[in-house]
Structures are given as C-alpha cells and as structure tokens.
Amino acid sequence: MRAIDPGKVGMRPQEPAVSHQEIRILLADDSNLLRSALANLLSAEDGLRVVAQAANGEDAVQRAQETSPDLVLMDVRMPVCDGITATRRIKEALPDTRVIMLTISDEDEDLFEALKAGAEGYLLKTVETEELVATIKRLAAGDVAFSPAVASRILKEFVRQLKAAPPPAAPRA
C-alpha cells in the first residue's frame with residue numbers, strides 16, 4: 001500500500017492509499033519450511049497476500065523487481081546475498097517498498113546495518129503471530145516497526161552517539 005499524495009482533495013497525509021486493498025508481501029528466507037509456514041499464516045489474514053518467495057538475497061531482489069511488493073519480510077543471514085545487501089538493493093530500485101527484517105539475529109551490528117540499508121522494521125523470529133500481522137499493517141500504513149526492546153536499543157545507540165560527538169563550535173563574534 002502506498003502513501004497517498006497529500007495534495008489530493010479530501011485525503012490526509014499518512015493515510016493509506018486504499019485502506020481496503022491487500023498488502024502485497026514478498027517473503028525472503030533460506031528456510032523453505034519457514035517461508036511456507038509464513039505464507040500460509042499471512043495468506044489466512046484479511047488484507048495480506050504473499051505475492052512471491054525467495055530463498056536468498058539475490059532471488060529476493062529479482063522477485064521484488066518482478067512483483068513490486070508493498071512489503072518484504074527479509075531474513076538477515078541467507079546464502080548468495082545476505083538480507084542487508086538485498087535490502088539496500090531493493091530500496092534503491094523500489095524506494096516505496098517497505099522492508100521488515102525478520103531474523104534470529106539479535107546482534108546490534110545487524111540491527112544498525114539493516115537500518116542503514118533502509119529497513120523500516122526489525123523483528124526477531126520469536127515474535128508472536130498477532131504482533132507480526134499488526135506490525136505489517138502498521139508499516140504498510142506508514143509507521144515504523146520495532147519491538148519495544150529494539151526501539152530501546154536504537155535510542156540508547158542514538159544517545160551514545162550524541163554524547164560521543166564533539167560539541168558544536170562556538171559562534172564567532
């Protein structure tokens with residue numbers, strides 16, 4: 001679902017383009033079992049449709065270019081091309097496509113590299129089904145998608161970097 005043009009009559013910014021339209025999803029994970037389970041789970045939800053699946057990052061980039069999904073659920077660690085590199089390439093080619101990293105990696109380095117690559121969400125595979133579905137819908141509506149624990153880590157890193165940054169130069173008189 002794409003954000004609407006704020007200049008359109010009667011529409012507010014941040015409002016989904018068509019709220020009753022399906023959210024088209026690409027699943028990218030090297031586990032066939034997980035992809036199949038996610039496809040079944042998500043397809044059973046109103047408003048969600050899995051349009052493609054990929055077993056590695058290279059395949060994810062190709063499938064994204066072929067299907068132009070609204071959202072990609074992307075694993076971090078995959079063969080051929082990792083999920084962070086694939087995310088960067090998808091965001092370059094399809095900047096309106098939203099990406100949620102869905103991974104077992106709880107490493108700060110993966111989290112921050114995924115954000116730098118353009119991911120708008122980062123969830124661990126331990127996420128509950130209801131939270132995953134709600135997160136997909138929030139992200140498609142224009143929000144960001146981070147668990148409270150991940151949001152806390154992002155905030156702590158931001159504060160750490162602010163404290164480490166040199167103070168601004170004093171204005172010259």
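Is S68 buried, partly exposed or exposed? With a relative accessible area of 31%, S68 is partly exposed, because that share falls between the 20% limit for buried residues and the 50% limit for exposed ones. Please keep in mind that the model you are looking at is predicted.

**Two loop residues to look at**

S68 sits in the loop between α2 and β3. Its phi is positive, about 45°, although S68 is not a glycine. V80 is another residue other than glycine with a positive phi, in this case near 70°. You will find V80 in the loop between β3 and α3. With a relative accessible area of 69%, V80 is exposed.

**The overall fold**

Along the sequence they follow the pattern β-α-β-α-β-α-β-α-β-α-β-α. The chain has 173 residues, and 41% of them count as buried. If you take contacts between residues at least 6 apart in sequence, 62% of these join residues at least 24 apart. The chain exposes about 9700 Å², and carbon and sulfur atoms supply 54% of that area.

**Nonpolar cores**

Now for the inside. The largest nonpolar core has 25 residues, and M74, I90, M101 and Y122 are those with the most contacts inside it. Two or more residues of this core come from each of β1, β2, α2, β3 (71-74), α3, β4 (98-103) and α4 (108-117). The largest share, four residues, is given by α4. Apart from this core lies another one, of 20 residues, with I25, L73, V127 and L139 among them.

Leaving aside neighbours within four places in sequence, I90 is in contact with A60, V61, A64, V72, M74, P95 and T97.

**A buried lysine**

**Salt bridges**

How many salt bridges does a search of the whole structure find? The search finds ten.

| Pair | Distance |
|---|---|
| R49 and E22 | 2.8 Å |
| E58 and R89 | 2.9 Å |
| R63 and D59 | 3.4 Å |

Take the pair of R49 and E22, whose side chains meet in a salt bridge. R49 lies in strand β2 (residues 48-54) and E22 in the segment before β1 (23-28), so this pair ties together parts that are 27 residues apart in sequence. R49 counts as partly exposed at 37% relative accessibility, and E22 is partly exposed as well, with a relative accessible area of 38%.

E58 and R89 form another of these salt bridges. Here E58 lies in helix α2 (residues 57-67) and R89 in helix α3, so the pair ties together parts that are 31 residues apart in sequence. At 36% relative accessibility, E58 counts as partly exposed; R89 is partly exposed with 30%.

The salt bridge between R63 and D59 stays within one helix: the two residues are four apart in helix α2, and about one helical turn separates them. R63 is partly exposed, with a relative accessible area of 25%, whereas D59, at 17%, is buried. Elsewhere, salt bridges that share partners join D29, D75 and K125 into one network.

Which residues make a nonpolar surface patch of about 390 Å²? They are L155, F158, V159 and L162. One of them, F158, has its place in helix α6 (residues 148-164).

How values were computed. Residues are numbered from 1 along each chain as its sequence is written. This is a predicted model: local features need pLDDT of at least 70, side-chain atom pairs count only at pLDDT 80 or more; totals for chains, interfaces and linings use all residues. Side-chain values use heavy atoms; hydrogens and water are left out. Patches are made of residues with over 30% relative accessible area and no salt bridge: like charges are joined within 9 Å, nonpolar side chains (Val, Leu, Ile, Met, Phe, Trp, Tyr) within 5 Å. Accessible areas come from the Shrake-Rupley method with a 1.4 Å probe; for residues, only the protein chains shown count as cover. A salt bridge is a side-chain nitrogen of Lys or Arg within 4 Å of a carboxyl oxygen of Asp or Glu. Buried means under 20% relative accessible area, exposed over 50%, partly exposed in between (1.4 Å probe, protein chains only). Contact means heavy atoms within 4.5 Å. A nonpolar core is a set of buried Ala, Val, Leu, Ile, Met, Phe, Trp, Tyr and Cys residues joined through side-chain atoms within 4.5 Å.
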